[in-house]
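Have the model open as you read.

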Amino acid sequence: MPKSVFGKPEDCSEVLLHACCAPCSSAIVEWLMQHEVRPTIFYYNPNIWPLEEYEIRKQESKRHAESLGIRWIDGDYDHEQWRCDVSGMENEPERGARCELCFRLRLLATARKAQELGIRYFATTLASSRWKSLEQISQAGLAAQEAVPGTEFWAQNWRKGGLQDRRNQLLREYNFYNQQYCGCEFSARSRT
């Protein structure tokens, strides 16, 4: 895939990549490694419900990272706190205010982890999903960058450049578990 499709920061050799799941991160991680950017996976998804779903996704993400020999970090799973944070937004539609807040919470935690690790750039696999608003994700990332000094959000549309097709190939190659909803109970309800 052509290098020019993506806006890699010139001085970026390392990135903390917030990952929602192994399928969404697989092609992104591959692209990063092919372009001399060392990813560290940060699995932080307190929105995922139920716990069994969270654990399956977590183990798949970890398995993928370990197979490539890259660092993988487990963020804290505090679903009850997440529920408190989004209280009152239960009936918001997908791509609504609840999703926007959820992105802000997760990317703020990612920026804080990047700062703690001394990694300047952070990005997210959320921007690979056609079901998510790129505008909301970019706004959340930039807000996190603003709140956490010394970090920079790598706002990237990871849907381009053949990555979606490559994601689907890697999904089959790794035999990944492939969920059919974003992760929270509200998105699960909206698909039934």
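Rings of Phe, Tyr and Trp (its six-membered ring) pair if their centres lie within 6.5 Å; planes under 30 degrees apart count as stacked, over 60 as edge-to-face and the rest as tilted. This is a predicted model, where local features need pLDDT of at least 70, side-chain atom pairs count only at pLDDT 80 or more, and totals for chains, interfaces and linings use all residues. Residues are numbered from 1 along each chain as its sequence is written, and side-chain values use heavy atoms, leaving out hydrogens and water.

Q: What makes Tyr-43, Tyr-54, Trp-72 and Tyr-77 a cluster?
A: Ring pairs link these four residues, Tyr-43, Tyr-54, Trp-72 and Tyr-77. The structure holds 10 aromatic pairs.

Q: What does the pair of Trp-31 and Trp-154 tie together?
A: Trp-31 lies in helix α1 (residues 22–34) and Trp-154 in the loop between β5 (152–153) and α6 (163–174), so parts 123 residues apart in sequence are joined. Helices (H or I, at least four residues) and strands (E, at least two) are DSSP runs, numbered from the N terminus.

Q: Are Trp-31 and Trp-154 buried or exposed?
A: Both Trp-31 and Trp-154 are buried, meaning under 20% relative accessible area, with exposed over 50% and partly exposed in between (1.4 Å probe, protein chains only).

Q: How do you know that β4 and β5 pair?
A: Strand β4 (residues 121–124) and β5 are joined by 2 bridges and run parallel; pairing takes at least two DSSP bridges, so they qualify.
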